[in-house]
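Here are my notes on this one, written as numbered points. Have the structure open while you read, and find each spot as it comes up.

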Amino acid sequence: MNNDLAFQRCIAPSCGATFGTSEILNACPTCGSLLDVDYDWNRAPVPPTLRGFETKWSTRRNPLHFSGVWRFKELLNFAPDNCVATIGEGQTLLRSEPGVADYVGTSNVHLQYEGLNPTGSFKDNGMSAGFTHARMVGARKMACASTGNTSSSMAAYAAAAPAVNGQKCEAVVFVGSGRIAMGKLSQGLDYGAKTLQVMGRFDDAMQRVKEASKARGIYLLNSVNPFRLEGQKTIMLRVLEALDWQIPDWIVVPGGNLGNTSAFGKAFFELKKLGLIDRIPRIAVINAAGANTLNRLYNDVGVRWNGGNYDAAKINAFYAAMDAAHHEANTVASAIEINRPVNLIKALRALEWTNGVVTDANDQEIMDAKAVIGRGGIGCEPASAASVAGLKKLVANGTIGKDETVVCIITGHQLKAAQATVGYHSLFGEELAKEFGDFNVTKNPFANPPVQVANDLDAILKALA
Ligand SMILES: *Cc1c(COP(=O)(O)O)cnc(C)c1O
Ligand SMILES: [Zn+2]
């Protein structure tokens, strides 16, 4: 047993090996399972109530109190203050959305807008924590594979980080060729990251970045990194804070690599254990129908965490069949276009802890939901809208009650993928289908097309009539 306040622990109950926070690990060296960051809560000074965290609002000039991640530091207490990497992440907003509530057929829906983060997605919450660990261990080179937002975020933290031994931090990002949205690609380039466009998809880039970072001793910042998930826990703390510490009935979240799902489950599990909340909200994870590994494993194959005794043979057989069929993930929601979610096992655990559910939404449902969210003045990228599209289905089939309080996580900003938005609103018929290429988006009932008008006042006044 490790004696530090914070340590790493293998999630497999049959193993449970622990390691210090100074070790750089992407999996348990003993059994290969994922790792958690865990704490000796008996020695950790946690405020007696969650409301106690509000006092930090009055000392916002301290960057650790300004950060929406680090003002909850007592709940992710693994780093000395001087290692903390913050670029002002987590200044996000929870807004009640009657328009979305109408659309999904329920009365009480809130959107947690994580698009407001410095690089425009929730990834900054986790990157701030993961990058902090990288600084603790003195890493100077960091890498990740990404559908886009992880790379944007990592590149920004690397660019802003202080030099290590007089040398600037170097970010290397692996992206699948041609699948990354322009807004995201542009950020990595702007922030000076070395960008490798691997000829393949996300799952290929993920495999390669693991190999390359091992070969070169580069610090890996994918969400297999357990420290990243500690930062993502704070999204739930901000949701509770915005609800005046009331517990919602449901958290609805898009599922890609399942880092958020895993982190949210861990957050609630810990808060309950610490006596800081008295009940745990249920989590609904929404896959894209074209990348629905979790949905199929959970609902069709029936795999469960089962106290850690999950049926690994069934999961392996599922992946083997997927490979044999050369099945590739394919969805307009590129941020969740993932066949092999790296945090699958932790997500199963989170589903057990939160009595969660899983479903999927197709590309048409996702794009329609995105337009409805936009109409309320919150712009998001397609993957984010999977939450609302999935919520609509779960209300329709009675899983989510009409007067339950629901929070949908809006994971990324609209400007990340402006082309999808413009295409949906301005193209019709065959042109629309062509713009969305492989994706099955053929209708746009919520389109708000631009109006072409001559450069002439009369014509303009006529168009305004
Ligand atoms: C990364 C990402 C997701 C998927 O989150 P996971 O934690 O990997 O499940 C969803 N939406 C956006 C915008 C993302 O960038
Ligand atoms: Zn282990």
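1. Start with a buried pair: Arg-349 and Asp-36 are both buried, where buried means under 20% relative accessible area, exposed means over 50%, and partly exposed is in between (1.4 Å probe, protein chains only). The two form a salt bridge, with their closest N and O atoms 2.7 Å apart. For a salt bridge, a side-chain nitrogen of Lys or Arg must be within 4 Å of a carboxyl oxygen of Asp or Glu. Arg-349 sits in helix α11 (residues 344-353) and Asp-36 in strand β3, so the bridge ties together parts that are 313 residues apart in sequence. Helices (H or I, at least four residues) and strands (E, at least two) are DSSP runs, numbered from the N terminus.

2. A word on where this comes from: it is a predicted model, in which local features need pLDDT of at least 70 and side-chain atom pairs count only at pLDDT 80 or more, while totals for chains, interfaces and linings use all residues. Residues are numbered from 1 along each chain as its sequence is written, chains are lettered from A and ligands numbered from 1 in the order in which they are written, and side-chain values use heavy atoms, leaving out hydrogens and water.

3. Back to salt bridges: how many does a search of the whole structure find? The count is 25. One of them joins Glu-230 to Lys-233, with the closest N and O atoms 2.7 Å apart. Both residues lie in helix α7 (residues 226-242), three residues apart, or about one turn of the helix. Glu-230 is buried at 1% relative accessibility, and Lys-233 is buried at 2%.

4. Lys-73 is buried, at 11% relative accessible area, whereas Asp-81 is partly exposed at 49%.

5. Now for the metal. The zinc ion (ligand 2) is held by the SG atoms of Cys-10, Cys-15, Cys-28 and Cys-31, at 2.3 Å. Donors here are N, O and S atoms within 2.8 Å of the metal (3.2 Å for Na, K and Ca), and since water is not among the atoms, sites may look incomplete. Why is the arrangement around the zinc ion (ligand 2) tetrahedral? Because the four donor atoms subtend angles of 97 to 116 degrees; four donors count as tetrahedral if all angles lie between 85 and 135 degrees.

6. Where do Gln-364 and Pro-445 come in? Gln-364 is in helix α12 (residues 363-375) and is buried, at 9% relative accessible area. Pro-445 lies in the loop between α15 and α16 and is exposed, at 57%. Leaving aside neighbours within four places in sequence, Pro-445 is in contact (heavy atoms within 4.5 Å) with Gln-364, Asp-368 and Tyr-424. Pro-445 and Tyr-424 are 21 residues apart in sequence and 9.4 Å apart in space, C-alpha to C-alpha.

7. Last stop, helix α5 (residues 182-190): Gly-183, Lys-184, Leu-185, Gln-187 and Gly-188 are buried there. Their cover includes α4 (149-160) and β8 (194-198). Just after α5, Gly-192 takes a positive phi of about 85 degrees.

Methods
Four donors count as tetrahedral if all angles lie between 85 and 135 degrees; four count as square planar and six as octahedral if opposite donors are over 155 degrees apart and all others between 65 and 115; anything else is irregular.
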